[in-house]
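Here is a short briefing on one protein model. Look over the sequence and the structure first, then read the points below.

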Amino acid sequence: ITDAFLTPFERQSIPSLLHSPSSLQRGAVYDEHGDLVPESQRWGGYKGDFLIAADDPRAARTPVTEHFSGNWLYIGNWMGQFGHWITETLPNLWSIDDVESLDGLVAHPFIFNNDESPWQRTLLDAAGADGLSVRVLRGSPVTVGRLHVPTRPVVLNAFALPEAVAVWERVGASFGQAPHPRVYLSVSAYRDGPGAKPVSASRTFSNQREVDELFRSRGFHVVAPETLSIEEQIHLVRGADVLAGWSGSALHLGAFAPASTRILELGDMRSGGSPVPQQQVISAARGQEHAFVQASRLPDDTNAYNVPRLAALLDDLV
């Protein structure tokens, strides 16, 4: 798009039913004639995602305070949250090798933190954006001299195209692999370790350490991913024959694992009796076998996980 016009990100709450979209999202790319570029929109609203795009088909140009001259690549919404960033932002770099002499990357913000973190920089570099700066819009419209807008290869909870898989594979292959055939991503440190954060009761259990010991006794390398660098995390999943973890962002690391890796998703009380749709999307795109264990509490302690039941299922599965 030559002389692109980017409208600012906005979120508007709307009346909704349970599990249906509850917010409208605006902020997209328009061409020099004021027409919407549909590829710049985030398609949402699928299977529990509560944001849907509501950009006008045409936009009148308003005065801007900033212009990005040169040649830029649009990478969608900058997702500050770990799982969303690796599955919704990073894959948008799939066309980076097709664009010559880029001056940088530009993105719309999102509802999460929009600052660039060191781990994000590491993955950007591995995906081919080494040395390129990232400009996340900050509430005002901007114009861009020449903007390349790739089709978004991932729609949350719906599908992932081969272009997304190519980015995940490129990043994963750049880090090598660790010699642990079975890896379990624990949440114990997140719940009660040093620097633990408040966690909803629906996400963890009082006997989380007992679950850790169960996996350790079955030959799993038990790790707290938040205590490791992003390089170490990817090393682990690249070498895993079985990658086990709880429903949520940490298990989305499976995007960097090869097709031969089997994914074992443990449901917590938030996910209930079904796997996270985005995890199913990742596993299907990567061609990975994916098993799901429903959450189960002990009959006499509603805050404790049913470890004996999990042990029997784990033995059957692996």
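Helix α8 (residues 307-317) has four names to learn: its buried residues are V307, L310, A311 and L314. Buried means under 20% relative accessible area, exposed over 50%, and partly exposed in between, with a 1.4 Å probe and protein chains only. Seen down the axis of α8, these buried residues fall within an arc of 105°, so they line one face of the helix. The arc is that of the directions from the helix axis to the C-beta atoms.

This is a predicted model: local features need pLDDT of at least 70, side-chain atom pairs count only at pLDDT 80 or more, and totals for chains, interfaces and linings use all residues. Residues are numbered from 1 along each chain as its sequence is written, and side-chain values use heavy atoms, leaving out hydrogens and water.

**Around helix α8**
- Helices (H or I, at least four residues) and strands (E, at least two) are DSSP runs, numbered from the N terminus.
- An α-helix has 3.6 residues a turn, so residues three or four places apart point the same way.
- On the other side of α8, P308 and D316 are exposed.
- The buried residues of α8 pack against α5, β15, β16 and β18 (301-305).
- At the start of α8, a side-chain oxygen of N306 comes within 3.1 Å of the backbone nitrogen of R309.

**The parallel sheet**
- An open sheet is built from 5 strands in the order β13-β12-β14-β15-β16, with parallel pairing. Two strands pair if DSSP finds at least two bridges between them.
- The edge strands, β13 (221-223) and β16 (290-293), each pair on one side only.
- From one strand to the next, the twist averages 20°.
- Helix α5 (residues 208-217) packs on this sheet and touches β12 (182-185), β13, β14 (242-246) and β15. The direction of α5 makes about 175° with that of β12. Such axes are lines fitted to C-alpha atoms, for helices over the stretch in contact, and angles run from 0 to 180 degrees between N-to-C directions.

**Strand β15**
- β15 (residues 262-266) joins β16 through 4 bridges, and β14 through 5 bridges.
- L264 has A291 as its bridge partner in β16, and L264 is itself the partner of A244.
- Of the 5 residues of β15, 4 are buried, so the strand is largely enclosed by the rest of the structure.

Technical notes:
Contact means heavy atoms within 4.5 Å. A polar contact is a pair of N or O atoms within 3.5 Å; within protein, one must be able to donate a hydrogen and the other to accept it, and residues adjacent in sequence count only if both atoms are side-chain atoms.
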